[in-house]
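Subject: A structure for you to look at

Hello,

I am passing a structure on to you, along with a few notes on what turned up in it. Please have a look at it first, and then read on.

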Amino acid sequence: MTYEVPVAPGESAELEETADLATEVWPMWEVFVRARRGISHVHIGSLHAADAEAALQNARDVYTRRGEGASLWVVRSSEINAFEPDDISDYVDANEKPYRLATTYEIPDEVGHM
Amino acid sequence: MTLEERFDVILAAEDKIEPADWMPDDYRKTLIRQIAQHAHSEIIGMQPEGNWISRAPTLHRKAILMAKVQDEAGHGLYLYSAAETLGVDRDQMQTLLHQGKHKYSSIFNYPTLSWADMGTIGWLVDGAAITNQVMLTRCSYGPYARAMVRICKEESFHQRQGYESLIRLCSGSPEQKAMAQDALNRWWWPSLMMFGPHDTDSTHTEQSMEWKIKRVSNDDLRQQFVDMTVPQADYLGLVVPDRDLRWNEERGHYDFGEIDWEEFWAVVKGNGPMNRDRIEHKVRAWDEGAWVREAALAHAAKKEGAIT
């Protein structure tokens, strides 16, 4: 099946529609799940909830219905601080500083595994 | 390198575009439109099956159906969450759906008339959805592709439980088998319509393929689905309602008949058997839930006040 939106003959193929919203909406939360003991929490998605307690309950229902989680974190999306992609990708060009990489050092075979 | 060149390099390298990246405005709009329609399909898709929860023949089947409908709600939420990374608000998408400005998959505008429809929907409708969604796991937009990976895992349960339920019906009484055949007769063509218009009539396909949002064309996916499904119908001992259906040795594919495109466009435009009911029901549920949403906000504000 396709989730592309079919445009019927005579219909507008305009891509964007907007609607005015009158009411206050539930804030957004980012969800982090530790799939099992021994590994870190990983970002899995986001959801809306009125407060942290409801966000946790919603996250449990939405993201761990088949036992995918040993631990859950929720953080208000507005509390996340981030670099722009370029601010981090331009920081180090690995080709420019090869001496930082272990594989650039040649160790003779007779020394064995190092 | 310009922003647009950077975008093209990421696409060419089969890397993913992520939310904070620069992207062409139409790439963003196309994704919002598609992911919203996909999310709405999951949410509206709860209605035809919800219709049978209270009438499931056994407690086991009832539990399965409830789990499946709950999954559809979850899929809708993963997808709204993916769309929101593109700068659109979930409530905005909901409102556009309620106003009829956003669409959802036409398949959910057909009624579920018998218990056999539950098995048939799992087998055919979820089967068609998997065919498309497996392709979408390779979509160029990261959050959409990741949502698809989760969804595909769960859809597999949907399809298998449906087919297994049909195996039971088809090995039951003649009446039960006839009920399964009737369901296949009604759902076969709408399922093929799920893949959309012919490639030659598909407005956005070319651009979507270029942007790697879509990786396989409508007609190719439809063929893939027919080839996969016909042997499954044979196993059930059911007859696919298409006189032109036959194996083509030369092509290595099944040939099949032409879809009734008049019906296809009528349902897309809002004139299917259930279009009005589905939206009316959705809007009613939304309006009746307004007090819960408001109360939760008031409760949160009150608790916050108590702490500080």
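Below is what was found, starting with where the two chains meet.

Please keep in mind that this is a predicted model.

**Where chain A meets chain B**

On the chain A side, 39 residues take part in the contact, and chain B brings 63 residues to it. Together the two chains bury about 4,500 Å² between them, with carbon and sulfur atoms giving 55% of that area.

There are charged links here too: six salt bridges are found across the interface of chain A and chain B. One of the pairs you can look up is B:K303 with A:E53, a salt bridge whose closest N and O atoms are 3.3 Å apart. As for polar contacts, the count between the chains is eleven residue pairs. On the side of chain A that touches chain B, β2 (42–48), α1 (52–63) and α2 (85–89) each supply at least two residues. The largest share of that side, four residues, comes from β2(A).

**A helix in chain B**

Next, please turn to helix α11 of chain B, which spans residues 261–268. Its buried residues are B:W261, B:F264, B:W265, B:V267 and B:V268. These cover an arc of only 160° around the axis, so they sit on the same side of α11(B). What do they pack against? Their partners are α8 (174–193), α10 (218–236) and α12 (275–288), which also belong to chain B.

The N-terminal end of α11(B) is capped by B:D260, which has a side-chain oxygen 3.1 Å from the backbone nitrogen of B:E262. Just after α11(B) comes B:G270, with a positive phi of about 105°.

**The cysteines**

How many disulfides does a search of the whole structure find? The search over all chains gives zero.

Is B:C139 buried or exposed? B:C139 is buried, with a relative accessible area of 0%. B:C170 is buried as well, at a relative accessible area of 12%.

I hope you enjoy exploring it.

Best wishes

Note on methods:
Residues numbered from 1 in each chain as written. Chains lettered and ligands numbered in written order. Predicted model: local features only at pLDDT ≥ 70, side-chain atom pairs only at ≥ 80, totals over all residues. Heavy atoms only, no water. Disulfide = S-S within 2.5 Å. Buried < 20%, exposed > 50% of the residue type's maximum accessible area, 1.4 Å probe, protein only. Arc of directions from axis to C-beta. Contact = heavy atoms within 4.5 Å. Polar contact = N/O pair within 3.5 Å; in protein donor to acceptor, adjacent residues only side chain to side chain. Buried area = accessible area lost by both parts, 1.4 Å probe. Salt bridge = Lys/Arg side-chain N within 4 Å of Asp/Glu carboxyl O.
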